Amino acid sequence: MRITKKNISNILSSQQRIAGALLDRGATLNLLKGTNVITICFANREYLWVGNYLPTIPYNVGLCISNKYFVTRVLEASNISVPKSVFVYPNQSNIQSVISELEYPLVLKQENSQLPIASITAIQNYDGLKAAITDMSQHGMGMLLQEYAKGNEYRFFIDSQDRIQILKKTDGLLNAFSENHQSFVAPQVSFTPVKNIHKSWIDFGKKVLNAFAPMPYISFQCITEDVSLPVKDQQPTVIEIYHSASIHYDHSLFKCEKNKLIPIKEQVIDSVVDSILS
């Protein structure tokens, strides 16, 4: 099926914004029947786009990013701070001893980030943990249990041209477990673009990007004090790596000029589309 602006709603919602931008650039898009695979034709070249795996994401790197355990190990190997964590299974008999070195509150994450329940946060005690494991085990097997990182939450986007964009989480907890540990609550969450970014965050972002080479860009979530202050005065902790930068698409990129980070006319969506068509 040839994809146009009129029928773009027939593809995955996560694909629609990029698809529209590709059409604006003059690319031809076709959806393969019975799949979520899109062929992108541009300048006599053809690319395959499979679900969340854009042509710019190497398949092996995409698989790694889908696995939260692998992500944690890759970040640690690159000397990037991550929360203390252990790997657990639903019916594991020695969970209490396995988690003995962790401190509450805890975060439970699916090993596979593509599953319906990605994470459960703010688990306060062992009863809450058992209930969380029971609920999450309905959607998969392996789970990553981490200490809850305290501080301000930021979503980063950085590309190989050292252009950065940062959003600050301003409200709520994602997938927090309710007080009686029996059901999920999902308070409203919003992100606000950060206008004052210290230039040292470019190097920090590049360090995360290089850990997943040869990705042309990366989006990640980080806990730290204040991105307007130098990185060296803080202890930033990376808690998530994302396939998609969709939350950033319509925000301006920042680039270092004259020793300061200033906004430029290009948006994050431009960076993503450029990486596909270059």
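Student: How many of the 10 residues of helix α7 are buried?
Tutor: In this predicted model, 8 of the 10 residues in α7 (residues 268-277) are buried, so the helix is largely enclosed by the rest of the structure.

Student: Which ones are they, in α7?
Tutor: The buried residues of α7 are Val268, Ile269, Ser271, Val272, Val273, Ser275, Ile276 and Leu277.

Student: Okay, salt bridges next. How many does a search of the whole structure find?
Tutor: The search turns up 12 salt bridges. One of them pairs Asp24 with Lys5, and their closest N and O atoms are 2.8 Å apart.

Student: Where do Asp24 and Lys5 lie?
Tutor: Asp24 is in helix α1 (residues 13-24), while Lys5 belongs to the loop between β1 (2-3) and α1, so this pair ties together parts that are 19 residues apart in sequence.

Student: And is Asp24 buried or exposed?
Tutor: Asp24 counts as exposed because its relative accessibility is 59%, and the cut-off for exposed is over 50%. Lys5 has a relative accessible area of 48%, so it is partly exposed.

Student: What does Arg17 form a salt bridge with?
Tutor: Arg17 pairs with Asp250, and the closest N and O atoms are 2.6 Å apart. Arg17 is in helix α1 and Asp250 is in the loop between β15 (237-242) and β16 (252-257), so that bridge ties together parts 233 residues apart in sequence.

Student: How accessible are Arg17 and Asp250?
Tutor: Arg17 counts as partly exposed, at 34% relative accessibility. Asp250 also counts as partly exposed, at 47%.

Student: What about Arg163, which residue does it form a salt bridge with?
Tutor: Arg163 bridges to Asp159, with 2.9 Å between the closest N and O atoms. Arg163 is buried, with a relative accessible area of 6%, and Asp159 counts as buried at 1%.

Student: Which residues do salt bridges with shared partners join into one network?
Tutor: Arg25, Asp270 and Asp274 are joined that way.

Student: Switching to helix packing. At what angle do α2 and α3 pack?
Tutor: Helix α2 (residues 59-66) and helix α3 (residues 68-77) pack at about 100 degrees, and their axes are 5 Å apart. The two helices are therefore roughly perpendicular to each other.

Student: Which residues make that contact?
Tutor: From α2, the contact is made by Cys64, Ile65 and Ser66. On the α3 side, Lys68, Phe70, Val71 and Val74 take part.

Student: I've got Leu144 on my screen now. Where is it found?
Tutor: Leu144 sits in strand β8 (residues 143-147). This leucine is buried, with a relative accessible area of 1%.

Student: So what does Leu144 touch?
Tutor: Leaving out residues up to four places away in sequence, Leu144 touches Lys68, Tyr69, Thr72, Ser85, Val86, Phe87, Val107, Leu108 and Lys109. Lys68 is also one of the α3 residues in the contact with α2.

Student: And what separates the C-alpha atoms of Leu144 and Cys256?
Tutor: Those C-alpha atoms are separated by 37 Å, and the two residues are 112 apart along the chain.

Student: Last one, the surface. Which residues form a nonpolar patch there?
Tutor: Leu32, Leu48 and Val50 form that patch, and together they have about 240 Å² of accessible area.

Student: Where is Leu32 found?
Tutor: Leu32 is in the loop between β2 (28-31) and β3 (37-42). Leu32 is partly exposed, with a relative accessible area of 37%.

Technical notes:
Residues numbered from 1 in each chain as written. Predicted model: local features only at pLDDT ≥ 70, side-chain atom pairs only at ≥ 80, totals over all residues. Heavy atoms only, no water. Patch = residues over 30% accessible without salt bridge, like charges linked within 9 Å, V, L, I, M, F, W, Y side chains within 5 Å. Areas by Shrake-Rupley, 256 points an atom, 1.4 Å probe, with all protein chains shown as cover. Salt bridge = Lys/Arg side-chain N within 4 Å of Asp/Glu carboxyl O. Helix = DSSP H or I, 4+ residues; strand = E, 2+ residues; numbered from the N terminus. Buried < 20%, exposed > 50% of the residue type's maximum accessible area, 1.4 Å probe, protein only. Axes fitted to C-alpha atoms, helices over the stretch in contact; angles between N-to-C directions. Parallel < 35°, antiparallel > 145°, perpendicular 65-115°, else oblique. Contact = heavy atoms within 4.5 Å.
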